[in-house]
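Colleague: I have a model open and would like to learn how to read it. Could you walk me through a few of its features?

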Amino acid sequence: MEVFIIKGGQPLKNIWGAVPISGSKNAYLPIMVLSLLAEGESRLHNVPDLADVQAMSELLQALGVKVHQQHKEGVLMRLDAQNIIDTQPPFAQMRKMRASMWALGALLARCGHAKGVVPGGCNLNVGPRSLDIHMQGFQALGAQVYEQGDTIELRAPKEGLRGADISLRLPSVGATLNLMMAACAARGTTTIRNAAQEPEVMQVGQCLRSMGANIQGEGGSRIDIHGPCQLRPFTSKVYRDRLETATFIAAAAITGGDVQITQAPLDQLDATLQLFRQMGCVITLEKATDSLHVKAPQRLQAVDACTAPYPGFATDVQPLLMACAALAEGTSTICETLYDNRLSPLATQLQRMGAHIEVQGNTARVHGQPQLQGACVQGADLRACAALVLAGLAAQGVTRVAVQHLDRGYMQFEKKLQDLGAEIARRRHAPNLSTSAVMQQS
């Protein structure tokens, strides 16, 4: 197992220049899947080098997509889906990430058949955010859905999918994107109500339109798709990552830092900016250059927050806020409305560092402490791992954080932190190696 070894206690600042934000993982993954919908070669620019992107590439290749990457002026990925050779993504690949579920909707649209398993990814108890929303939507389009254990099989009727009026029980991003893809093959009009409004949904809708889809309303709560659509390959350059941006805002905040961030999606950060400003950070936006400047106080102030679908406070920013609240003055109340049991695993790890957190159901009361102490910790999901790294940056002494999920969503994470003055090193877990020796090797 690889770990980050962090010597904390230093405010972050731009020692080696501003922090550049990478392309959005949550936008690139579904757009990679869009390549399945069209015969020929699609192109993606500025693709981030992430474990999830590599896993999706391998999944698409198993289905017959030819994937080529060119490292020139940013990574260019070419996806040639001229020939689909299989409609069953490898089960091992699907178990790596929830984003693999989108391949089923795309294959159903292109080939009329798809078979897979319940996808894996971060260790989150999804509670009400289950796959039944996807399945009910596919059935509304006329698909036959067969479920046995963890296996899912979809079949379109002989006459093809048909348009339908679909009201989602929850504004699920995954279900919204899956149904948008499948609806492109359906005869007539498909209306998706209570659709997710995340920027990634808007980006996918814009990409589908560039492919020839007749689609309106993406980015709002109602999306209309008039099919069937004759789709062609696409060229796309997606948004920068709003969640990576939030991570570095939180990193500056928790360490009392002074940090400039560039290439940031400023129009997607309203809820995050509001909360960190309430905690005492002075955040200045420079829209002409897509950059922002974060100057944190010596000690943050407590804040109350409740997660909500976009444009509300993102559930993936909640772990970062909990880490910051652990050091804030006063008591913060954090409510998690989208996932069951997301609060307790991270709270337990932060408690090992000296945090005082009480969790009851989906509510956490975080009593801020003057300081945290370094410890050996491990996050249950991608954003919890990032939150523990941030806590380690602010803690006294040395913190070891299992890297585990981090490479799935952050590109060159430790290098970007090192450029801000952080003492952080990635090493294979070596219990007998002294901390000083590891830091010297970095």
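This is a predicted model: local features need pLDDT of at least 70, side-chain atom pairs count only at pLDDT 80 or more; totals for chains, interfaces and linings use all residues.

Colleague: How do the axes of H10 and H12 cross?

Modeller: Helices (H or I, at least four residues) and strands (E, at least two) are DSSP runs, numbered from the N terminus. Axes are lines fitted to C-alpha atoms, for helices over the stretch in contact, and angles run from 0 to 180 degrees between N-to-C directions. Here the axes of helix H10 (residues 318-325) and helix H12 (residues 382-394) come within 8 Å and cross at roughly 25°. The two are therefore roughly parallel (angles under 35 degrees).

Colleague: Which residues make the contact?

Modeller: Contact means heavy atoms within 4.5 Å. H10 contributes Pro 319, Leu 320 and Ala 323, while H12 contributes Arg 383, Ala 384, Ala 386, Ala 387 and Leu 390.

Colleague: In what order do the strands of the open sheet come?

Modeller: In general, strands of a sheet pair through backbone hydrogen bonds, either parallel or antiparallel. Two strands count as paired if DSSP finds at least two bridges between them. In this model four strands form an open sheet in the order S17-S18-S20-S19, with mixed pairing. Strand S17 (304-306) and strand S19 (356-360) are the edges, each pairing on one side only. From one strand to the next, the twist averages 15°. S17 and strand S18 (residues 331-335) run parallel and are joined by three bridges; Ala 305 stands opposite Ile 334 in S18. Helix H11 (residues 343-351) packs on this sheet, touching S18, S19 and strand S20 (363-367), and its direction makes about 160° with that of S19.

Colleague: Where are the cis peptide bonds you can show me?

Modeller: Most residues other than glycine have a negative phi, and most peptide bonds are trans. The bond from Gly 227 to Pro 228 is cis, with omega near 0°, and Pro 228 sits in the loop between strands S12 and S13. Another cis bond joins Tyr 310 and Pro 311, with omega about 15°; Pro 311 is in the loop between S17 and H10.

Colleague: What is the phi of Asn 194?

Modeller: Asn 194 has a positive phi of about 55° although it is not a glycine. Asn 194 lies in the loop between strand S10 and helix H7.

Conventions. Residues are numbered from 1 along each chain as its sequence is written. Side-chain values use heavy atoms; hydrogens and water are left out. Angles under 35 degrees count as roughly parallel, over 145 as roughly antiparallel, 65 to 115 as roughly perpendicular and the rest as oblique.
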